[in-house]
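Here is a friendly walk through one protein model. Have your viewer ready.

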Amino acid sequence: MSQFPKDFLWGVACASFQCEGAWDEDGKGPNIWDDFCHQTDGVKNHDNGDVACDSYHRYKEDVALMVQHNIKAYRFSMSWARIIPDGDGEMNEKGFAFYDNLVDELLANGIEPLITLYHWDLPSALQDKGGWLNRDIIPAFARYALLVAKHFRGRVKKIMTLNEPQCIAQCGYESGVHAPGYKLPWEQVAKVYHILCLAHSAAQRAIKAELGDEMTVGAAICGNLCYPSVDTPAGREAAYKATFDLNRGWSFNIFLDSLILKRYDESAFPAIRNFAATIDPADWDLMEAPEFIGINVYQGSEVDEQGNDVPRYRGFPITAMDWGITPEVMHYGPMHLYKRYGLPMYITENGMANNDVISLDGMVHDPQRILYLNSYLRELKKCIDEGVPVLGYLQWSFLDNFEWAEGYSRRFGMVYVDYRTCDRIPKDSARWYAKVIESNGETL
């Protein structure tokens with residue numbers, strides 16, 4: 001295969017709660033995932049993030065492994081409660097020191113840091129005040145965002161405000177499978193989405209007003225991406241329309257349409273329309289379009305030329321999360337988003353959970369992951385070749401880690417973590433990915 005664009009950014013990703021541990025060290029405040037793990041039965045095997053991968057203490061080892069495997073960028077999230085223990089009060093210097101040290105270690109080794117401000121671990125003190133249902137969280141988030149941006153001025157060039165608002169709203173406030181574990185009607189879930197949009201916008205305005213072009217601001221989004229069963233103009237158009245059908249209930253555009261188009265799609269179902277009727281029109285003037293979109297891509301839905309879902313055949317390939325293996329979505333998904341929004345993008349997450357084990361030779365062999373990543377990246381190259389400005393790819397995840405409600409039962413990493421000792425063992429996929437990066441994709 002021909003190489004990816006010259007300046008294509010190859011990297012990996014992880015999130016604070018999933019890998020850091022040190023849940024109550026150095027002045028960190030509790031967050032909603034600490035509470036969800038400690039106070040509910042919401043996590044498999046009663047697992048928690050108290051130690052996780054212990055990256056708080058072993059970050060230098062992790063960066064050394066990244067260097068060993070040619071990683072050029074690391075997307076990580078910051079723990080809001082580690083920086084500001086109550087979410088909107090005094091800054092915790094010791095908490096900030098960890099991220100200072102991590103960023104400096106990355107830069108010293110030629111790895112670009114990309115920061116995500118919020119990856120689901122809201123300070124408990126803010127949740128006690130209503131969390132993402134309370135508009136008072138908007139200025140608190142903007143203050144936190146500006147504090148981080150100013151602190152890393154000149155060292156960090158790209159920052160993402162939110163990770164997967166769809167999961168924040170729907171898993172946290174509708175289904176209750178994620179913290180804070182609420183099961184609310186959709187009018188309330190729509191309110192959460194709206195406040196998330198306003199929080200992103202306030203944070204972006206604050207950062208841009210202070211730093212201007214020194215820092216680029218985006219958000220990492222997920223949703224139901226569709227791909228055509230037949231690659232015809234009609235097939236592509238059907239897949240495009242299906243991708244942005246809010247009736248499917250899990251969509252990119254419930255968030256991005258608000259920020260960029262300042263409206264809800266006409267396919268919005270009654271509960272969203274009911275909430276929309278209560279929105280102060282002045283709110284739409286506060287919306288700020290991100291400067292880039294981060295797309296988290298795992299699986300998609302195949303649709304026919306009429307936009308109907310094509311049933312998956314018996315024995316359809318799946319991952320250990322029971323997610324379909326649908327590499328075509330990496331070709332068509334970013335195309336749909338670029339057609340609708342016209343913004344540059346990064347693949348901010350892509351990877352698979354696999355049943356990885358240490359083999360008799362002491363190594364971890366994961367040919368399934370190599371096959372998965374190879375097929376998705378080949379489809380991504382097709383997308384780029386058609387003119388879609390995908391600027392980088394961040395594999396999820398560098399380390400095996402805490403997989404939210406699934407606890408430690410699902411392994412997404414290219415580096416195996418023994419959770420008894422936190423020892424790391426690079427898998428075959430890590431060495432494979434190192435060669436992909438070295439060749440800028442030519443070995444695919």
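## About the model

This is a predicted model, in which local features need pLDDT of at least 70, side-chain atom pairs count only at pLDDT 80 or more, and totals for chains, interfaces and linings use all residues. Residues are numbered from 1 along each chain as its sequence is written, and side-chain values use heavy atoms, leaving out hydrogens and water.

Buried means under 20% relative accessible area, with a 1.4 Å probe and protein chains only.

Take a look at Trp80: leaving aside residues up to four places away in sequence, its contacts include Tyr118, Leu122, Trp132 and Phe141. Contact means heavy atoms within 4.5 Å.

## A covered hairpin

Strand 11 (residues 415-418) pairs with strand 12 (residues 423-426) in the antiparallel sense over 4 bridges; pairing requires at least two DSSP bridges, and strands are DSSP E runs of at least two residues, numbered from the N terminus. Tyr416 has Ile425 as its bridge partner. The two strands form a hairpin with 4 residues between them, and Cys422 in the turn has a positive phi of about 65 degrees.

Val415 and Val417 are buried on one side of strand 11, and Tyr416 and Asp418 are buried on the other.

Technical notes. Buried < 20%, exposed > 50% of the residue type's maximum accessible area, 1.4 Å probe, protein only.
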